Every structure is written in structure tokens, then in C-alpha cells.
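Subject: Structure handover and findings

Dear colleague,

Please find below the structure that I am handing over to you. My findings follow directly after it.

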Amino acid sequence: MANRTGGQILVDQLTLHGATDAFCVPGESYLAVLDALHDANLKVTICRAEGGACMMAEASGKLTGKPGICFVTRGPGATNASPGIHIADQDSTPLILFVGQIERGMREREAFQELDYRAVFGTMTKWATEIDDAARIPEIISRAFHVATSGRPGPVVIALPEDVLTDLADVADAEPYQVTEQNPSAAQMADLAKRFAIAKSPVAILGGSRWSPETIAQFQRFAERFDLPVAVSFRRQMLFPADHPNFAGDLGIGVNPKLLARIKESDLVLVVGGRLSEMPSQSYTLFGIPNPGRPLVHVHPDPEELGRVYRPTLAINASPAGFCAMLETIEPPKAPAWAGAPTAAHEAYIAWSEQPAAVPGQFHPGEVVRWLRSRLPDDAIMCNGAGNYATWLHRFHRFNKFATQLAPTSGSMGYGVPAAIGAKRIFPERTVVAFAGDGCFLMNGQDFATAVQYDLPVIIVVVDNGMYGTIRMHQEREYPGRVSATTLKNPDFAAYAKAFGGHGERVETTAEFAPAFERAVQSGKPAIIHCMLDPEAITPAKSLSTIRAEALAAKAKG
């Protein structure tokens with residue numbers, strides 16, 4: 001091998017490991033990498049803020065299962081990127097963040113923008129490290145890809161001292177990484193079959209990451225053979241087709257009471273891939289801790305997750321792919337006691353997703369989502385950040401294909417816009433729609449400029465109720481009538497879109513939405529549809545006044 005700069009060695013490793021895209025905000029701390037990217041077969045997306053860049057990379061990892069790649073500069077560049085790291089951590093998404101760093105000889109002097117990246121990111125990553133020798137770059141990048149994708153996937157942060165990137169080294173490239181699958185034993189599968197043989201009301205809950213269309217199809221065949229109701233975890237709705245007759249709904253915020261009752265009454269709960277964390281477990285009330293209180297079979301690729309919160313009746317350390325491949329080896333009971341259960345479960349889900357209750361005002365988010373459901377192709381990618389506006393999307397949209405949902409289980413605001421842009425950059429042929437609240441949008445709204453720069457015709461639906469709606473809702477529950485720090489005064493988001501060179505529409509009634517959406521599509525530009533939501537329309541089920549009145553009544557009772 002000929003001598004190469006550290007920057008060139010690094011970029012060569014990315015391409016040999018299969019990376020096709022990188023998202024960045026440039027910085028002088030990694031100029032040697034930027035120079036190497038000039039001639040690389042790697043598509044680079046220049047972003048307007050590091051938080052958005054890291055979220056775009058996280059969205060790439062979520063959609064493809066391969067580590068999303070992000071580059072930022074040192075100090076404030078790295079700390080600005082931290083929300084994307086936290087999302088990847090809680091969402092179990094493979095991600096590698098490269099951070100420019102001061103020269104090695106300046107360490108521990110508090111040089112310009114100096115940070116100890118191991119200390120800063122150590123608690124929210126699977127691995128945080130710094131490269132000291134250009135000759136070790138192939139080794140460290142190989143390890144990063146393996147760590148980010150193995151077991152429970154997650155983020156890796158690698159600091160790049162400026163002088164390491166300009167050093168020359170004669171070193172061989174690594175071999176391409178391989179994802180390690182964990183497989184259940186034959187004895188564990190036999191044990192699972194025995195538990196189904198004695199069960200009367202089993203149910204499955206799918207969650208986590210490391211799924212694929214093939215793995216989902218395998219579990220679907222298993223559910224059909226076993227006549228098993230299947231639910232999905234919070235913001236993991238793309239893991240089982242919503243139109244499938246075995247689909248029972250999603251276990252998230254504002255869950256269907258009938259689904260909740262079904263799971264509480266079940267005598268065998270099969271959890272595959274997920275952690276049953278706070279949101280799907282209904283604030284850790286759905287199962288006892290550590291003893292769940294009913295038979296629980298937990299399948300997870302990280303052995304440290306098994307028994308961490310719940311003591312499973314049967315713990316299976318396996319990836320979704322390894323586990324689902326073995327499902328063909330077991331047979332269902334000849335006369336299951338729960339025959340017909342999926343029909344009732346699916347009918348309850350259909351009723352829940354078909355009947356949006358009336359809400360105050362002239363703009364009805366539930367009706368809009370139902371219209372989009374009939375208008376969009378099955379492979380359309382739906383994105384959102386955090387806020388009450390997302391409850392309408394989650395309840396009334398039906399996700400029927402894998403890699404069609406980008407939503408942070410971490411509840412991070414500002415995610416929907418960069419996620420949509422990242423998705424459209426990765427899959428330019430697919431329709432991408434993002435929902436964002438007025439507060440949520442302006443946390444990363446500047447990256448609408450990135451969509452314009454790369455001619456990415458994403459459609460962003462801004463739901464504007466003039467406040468931080470989720471916080472106001474909780475405020476009214478806990479401190480009714482005492483509004484504090486939740487009111488917003490917003491710009492004209494349609495004009496905002498036009499100022500950037502995109503397409504903008506303002507919508508005040510439900511009837512105006514469909515024609516505005518069609519004009520947005522026909523424009524061929526990145527678009528913002530600014531929708532005016534009555535502040536009283538805080539959830540699909542209750543108005544803000546109702547929540548306030550209930551809280552006041554409860555306080556009056558003492």
C-alpha cells in the first residue's frame with residue numbers, strides 16, 4: 001500500500017464498509033476528510049445545523065439498518081449534534097458520528113473548542129473513542145461498524161485529531177464488516193412451543209430494531225399459522241402490516257383501551273426485539289417489576305437487556321432475524337384455545353383507526369391523516385418529531401410496509417424535518433411527508449434550506465396551535481388555568497417556505513388541505529403546508545378545556 005493521509009484512509013474505510021451517504025456541517029478541524037470526500041464515491045449532504053445533520057444520519061440508519069454517517073466539527077459542533085446521538089441511543093439505531101478534534105499536542109490545555117469526547121458522550125453511546133494513530137484508522141473504523149450494528153444497535157462517536165488526519169500512513173484496509181446474528185437454541189424453541197400449547201390468550205408485541213422485510217414476512221407467516229394477535233411497540237408501527245388480519249394495533253401513547261385490556265388479560269406475552277420501556281409499558285404499569293405477573297417470553301439481541309427490568313419466564317438472546325428464521329421449526333396447537341382472537345383484535349384496531357372523534361375548530365387532523373392514508377402509496381415514508389400533533393398520525397395512518405416510519409421513540413422534538421430530508425436523500429424515488437408542530441418545526445426548520453439546495457420535494461405539514469401543546473396539556477392537568485411559558489407567536493410558515501425557494505400553502509379548514517397538498521406535489525419543490533389548528537384540539541379524544549375542567553374538579557375533591 002502507498003502512503004495515504006489519515007483523512008484518505010478514513011474515507012476509504014467508509015466506502016469499503018458500504019457507506020453510500022454522509023451528512024455533515026463542515027469544520028476546519030477535519031479539512032483533510034473533506035478533501036478526501038472530494039473524490040470519493042460517497043454522496044455528501046451539507047446541512048445547516050449539526051443537530052439536523054445527525055438526525056438525518058440517524059434516519060438513514062433507521063431506514064437501512066446500516067450505520068448512518070455524520071461529520072461535525074469540534075466543541076460546539078459536537079454538542080449541537082448530541083440530540084441525534086441521544087435519539088440513536090434510545091431508538092437502538094446504528095450511527096457513527098465523526099468529530100473533528102484539536103491536535104494531539106494541545107490536549108488538556110483547554111485549547112480552542114476542546115472537549116473530552118469520551119467523557120462527554122460516554123453515557124449516551126455504545127462506544128466513544130479518539131484516534132491517536134493514522135495507522136489504526138482501519139482497525140477503529142471496522143470496530144465502530146461492528147459495535148454500532150451488533151447486539152442492540154446504537155451510536156458510536158469517534159474524535160479525529162486534526163494532525164492525525166494529515167499524517168501519512170502505509171496501512172492495509174480492513175475487511176468489510178458483517179452483522180453478527182444471534183440464534184435461539186432448539187431447546188428454547190421447543191420450550192416456546194410448549195408454552196403456546198397450554199396458553200389460552202397469547203399475544204405478540206414487536207419492537208426494537210434489526211428488522212427487515214424478510215424477517216417481518218417470517219413473523220407474519222408464524223402469526224398466521226398460530227392464529228396470533230400481533231401488536232407493535234411505540235413508534236414501531238412499520239414492523240407489521242396494519243391491514244393484516246392479525247394486526248392488533250400499536251402500544252404507545254393514547255393506546256386503544258381494547259388492546260391494553262387484551263395484553264393485560266393475556267396469559268402468554270411474546271415480546272420480540274423491543275425493551276418494553278416507559279411508553280409501551282404505560283409508564284411501567286403493564287407488567288410487574290421484576291416479576292411480570294404473567295408468562296413473558298422476551299426475545300432480544302442484547303443479553304444485558306434480558307432481565308434488566310423484567311424477569312422473563314423464557315429469555316431468548318436472539319436477533320429478530322435469528323429468532324424469526326427458527327419460527328418455522330415449531331408447530332401450533334391442533335385446537336388452540338384462542339381461535340378467532342386475531343379477528344376481534346383487528347376489528348377493534350380498525351374501529352379505533354377509522355373513527356376520529358370531532359375536535360374543536362375547522363381543521364381536523366384525523367380527517368387529514370385518513371385522507372392521506374388513501375392518497376399516498378404504501379411505501380410513502382411518514383416522519384414526525386414530538387408533540388401532541390403526532391397522536392393523530394400514529395392513530396389514523398396505517399403503516400403497511402417496512403421502512404415507512406421515522407419517529408423518535410426518545411420523544412425528541414425537531415426530528416421530523418431532518419428525518420424527512422435524510423429519507424428523501426437516501427430514497428429520492430419515494431414520497432416523503434413530515435408532520436411537525438409549530439414548536440417542533442422551528443427546532444430544525446433551517447434545514448428546509450437543505451431540501452431546497454438538493455431539490456428534495458419533501459412535504460412538511462406544520463400543525464400550528466400557537467403553543468407547545470404537549471407541555472400545555474400537562475400544565476393544565478397539573479396546574480389548571482395557570483398558563484406559563486407555553487404560548488408561541490409564530491411566523492407565516494408558507495411565506496417561510498417561499499423565502500427559501502420552496503412551495504408554501506396556508507390551510508385553515510379540513511376541506512382546504514387536499515387541494516393544497518396536490519398543489520404542493522405538483523410544484524415539484526420542497527413544500528410546507530401551514531395548517532391552523534384550534535388550540536382546544538389537543539388530543540383526538542379530549543379538548544384542552546375538558547382536561548382543565550377535569551383537573552379542577554379533581555382538585556376540588558381534594
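His17 sits in the loop that runs between α1 (6-16) and β2 (21-24); helices (H or I, at least four residues) and strands (E, at least two) are DSSP runs, numbered from the N terminus. With a relative accessibility of 5%, His17 counts as buried, where buried means under 20% relative accessible area, exposed over 50%, and partly exposed in between (1.4 Å probe, protein chains only). Beyond the residues up to four places away in sequence, His17 touches Ile141, Ser142, Phe145, Ala174, Glu175, Pro176 and Tyr177, a contact being heavy atoms within 4.5 Å. His17 and Lys66 are 49 residues apart in sequence, and their C-alpha atoms are 9.6 Å apart in space.

Before the remaining findings, a note on the basis of the values. This is a predicted model, in which local features need pLDDT of at least 70 and side-chain atom pairs count only at pLDDT 80 or more, while totals for chains, interfaces and linings use all residues. Residues are numbered from 1 along each chain as its sequence is written, and side-chain values use heavy atoms, with hydrogens and water left out.

Overall architecture

The protein has 21 helices and 20 strands. For its 558 residues, a compact globule would have a radius of gyration near 24 Å, and the protein agrees with this at 24 Å; the radius is taken over C-alpha atoms, and the globule rule is 2.2 Å times the number of residues to the power 0.38. The C-alpha trace spans about 70 × 60 × 50 Å along the principal axes. Of the 558 residues, 58% are buried. Among contacts with a separation of 6 or more, 76% are between residues 24 or more positions apart.

The accessible surface comes to about 21,600 Å², and carbon and sulfur atoms hold 51% of it; the areas come from the Shrake-Rupley method with a 1.4 Å probe, and for residues only the protein chains shown count as cover. As to charge, the mean positions of the 51 positive and 59 negative charges are 7 Å apart. Here Lys and Arg count as positive and Asp and Glu as negative, whereas His and the chain ends are not counted; the place of a charge is NZ of Lys, CZ of Arg, CG of Asp or CD of Glu.

Nonpolar cores

In soluble globular proteins, nonpolar side chains tend to be buried together. The largest nonpolar core in this model has 90 residues, and Phe219, Leu270 and Phe323 have the most contacts inside it. Such a core is a set of buried Ala, Val, Leu, Ile, Met, Phe, Trp, Tyr and Cys residues joined through side-chain atoms within 4.5 Å. Helix α3 (residues 50-64) gives the most to this core, with seven residues. Apart from it lies another core, of 35 residues, including Cys24, Ile69, Leu160 and Tyr177.

Leaving aside neighbours within four places in sequence, the contacts of Phe323 include Phe219, Leu270, Val272, Ile316 and Ala318. His300, in strand β13 (residues 296-300), is buried at 2% relative accessibility. Among the residues that His300 touches, not counting those up to four places away in sequence, are Arg152, Glu305, Ile316 and Ala318.

Backbone geometry

Most residues other than glycine have a negative phi, and most peptide bonds are trans. The peptide bond from Ile289 to Pro290 is cis, with omega near 0°, and Pro290 is in the loop between β12 (268-272) and β13. Leu276 is also placed in the loop between β12 and β13; its phi is positive, about 55°, although Leu276 is not a glycine. Leu276 is buried, with a relative accessible area of 4%.

Ala485, in the loop between α18 (469-478) and α19 (493-500), has a positive phi near 65°. Ala485 is exposed, at a relative accessible area of 75%.

Two further sites

Met124 lies in the loop between α5 (117-121) and β6 (127-130) and is buried, with a relative accessible area of 18%.

Ala511, in helix α20 (residues 510-523), is exposed, with a relative accessible area of 66%. Ala511 and Gln362 are 149 residues apart in sequence and 8.9 Å apart in space, C-alpha to C-alpha.

With kind regards
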